[in-house]
Amino acid sequence: MRLLIVGTLKGQLTTATKIAMENGASVTHAEAIEQAMAVLRGGKGADLLLVDVALDIRDLVMRLEAEHIHVPIVACGISNDARAAVAAIHAGAKEYIPLPPDPELIAAVLAAVANDSRDLVYRDEAMGKVIKLAQQIAGSDASVMITGESGTGKEVLARYVHSRSNRAKRPFISINCAAIPEHLLESELFGHEKGAFTGAVARRIGKFEEASGGTLLLDEISEMDVRLQSKLLRAIQERVIDRVGGTKPVPVDIRIIATSNRNLSEAVREGTFREDLLFRLNVVNLKIPPLRDRPADILELAQHFAKKYADANGVPLRPISAEARRVLTSNRWQGNVRELENTIHRSVLMAQGDEIGPDAIVTPDGDRLDLAKTAPAVAHATFAAEQVTRALVGRTVADVERDLILETLKHCLGNRTHAANILGISIRTLRNKLNEYADGGIPITPAGSGDGQRFMAAG
């Protein structure tokens, strides 16, 4: 974890600095917003900003957004001024901490906001084989491809490999190739020079340079545009990158780990992924089985999440009853560990009495998991698909495709990820289609709240 403290309260933040460093974090200080921006542009990066509430936090948030720098902010101040705290939250801070900080409070905020508490939890032999292979290759610099369904814990395993490598004390930098618009991804990866394009107000170091000496995780690499893949291939082969607008190559020293929830061999056949890039990345393939294929992990993870969320919500730790365990192990867990985690979080909040019983194992809308029918989004999408196919004769393929995509998205309540999975296309393809329809004046269902949720998972 990398902590950047912004402001003139360094003396008051000794505790925060000490706790962060004790947990293996590196700490950098900047006295003003402009200095902080220079640090972030310069490649040192940060997982969390701890900012003096007396500074203009709204201006900082706007600057970060303008330069597409994504990092959470926690405001802090030496007074208990409620107005200042509220103003900081409204400006974009995630939390407010009074100073001098309580050690337990600062530790909790650092862990929660920076999401630095991912645990590797497993018991099933199927997962054990994957971990054994990960341990065998962790010490090398070989590129690694981690594959598996969405929600199985690919990023957690990537961090595990990094933590056992010779680069463990160096940066671990992650970038989600599906979450960043295509026209910005090149700059995010390779950086840019001042004036390289509209909005490039200063030189910006990209993820390759930021990760130099450490590990770069290319999450969901299958969603990267094929044209950018050629530049990525050169960077991996030659260990040099070209900043956007740059005039000379920049050497980098990194290990590459990539993840994908798609079959990349099929993507190669479809022409959406370069075969030579796949060969370069896929030196070792760590294939994570879906949760339904590693049943021993279900209860191990359930108990882990039950403790985690009991502690987080200040409620007693209740054991999971035998009947509730039966419900958990008989479920298919289409959303894998992410879905299980959310289910156990709900059960901790819903449980009554001395145990977590089956009545507390519920879906998001409150139905018992073992009594719930097909998920509404899937049922609605299926119904929409049936309606679309009733009147195919006399219509163009493009028209049918458009209606199918829009109706599926509508009945998935705008959730792009669910819609793409149901339609059998990549999230990038779906977004490109939606942009095309929007440019044509067709209304698009707004994105729902279910996309891109982060998770803590078995690795």
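Me: Which residue is the bridge partner of V144 in β12, and what makes β6 and β12 a pair of strands?

Reply: The partner of V144 in β12 is V284, and four bridges in total join strand β6 (residues 144-147) to β12, the two running parallel. Strands count as paired if DSSP finds at least two bridges between them, so with four bridges β6 and β12 qualify as a pair. The model is a predicted one, in which local features need pLDDT of at least 70 and side-chain atom pairs count only at pLDDT 80 or more, whereas totals for chains, interfaces and linings use all residues. Residues are numbered from 1 along each chain as its sequence is written, and side-chain values use heavy atoms, with hydrogens and water left out.

Me: What makes β7 and β12 edge strands?

Reply: The open sheet holds five strands in the order β7-β8-β11-β6-β12, with parallel pairing. Within it, β7 (172-176) and β12 (284-287) each pair on one side only, and they are therefore the edge strands under the pairing rule. Neighbouring strands of this sheet are turned against each other by 20° on average, direction ignored. Helix α6 (residues 125-138) lies across β6, β11 (255-260) and β12, and runs at about 150° to β12, where axes are lines fitted to C-alpha atoms, for helices over the stretch in contact, and angles run from 0 to 180 degrees between N-to-C directions.

Me: Why is D52 called buried?

Reply: Its relative accessibility is 9%, and buried means under 20% relative accessible area (exposed is over 50%, partly exposed in between, with a 1.4 Å probe and protein chains only), so D52 falls on the buried side. D52 sits in strand β3 (residues 48-52), a strand being a DSSP run of E of at least two residues and a helix a run of H or I of at least four, numbered from the N terminus. An unreviewed UniProt entry annotates D52 as "modified residue: 4-aspartylphosphate"; such annotations may be inferred rather than shown by experiment.

Me: How do you know that the side chain of D52 reaches the backbone nitrogen of A54?

Reply: The distance is 2.9 Å, and a polar contact is a pair of N or O atoms within 3.5 Å, one able to donate a hydrogen and the other to accept it within protein, while residues adjacent in sequence count only if both atoms are side-chain atoms; the pair therefore meets the distance limit. The side chain of R416 places a polar atom 3.4 Å from the backbone oxygen of P446. R416 belongs to helix α18 (residues 416-423), and at 14% relative accessibility R416 counts as buried.

Me: What does L434 touch, not counting residues up to four places away in sequence?

Reply: L434, in helix α19 (residues 427-439), touches I405, L406, L409, R416 and I444, a contact meaning heavy atoms within 4.5 Å. The C-alpha atoms of L434 and I405 are separated by 8.5 Å, although the two residues are 29 apart along the chain. With a relative accessible area of 5%, L434 is buried.

Me: Why is Q229 said to be buried?

Reply: Q229 is buried because its relative accessible area is 0%. This residue of helix α10 (residues 226-238) touches M224, T272, F273, R274 and L277, with residues up to four places away in sequence not counted. Across the 459 residues of the protein chain, 46% count as buried.
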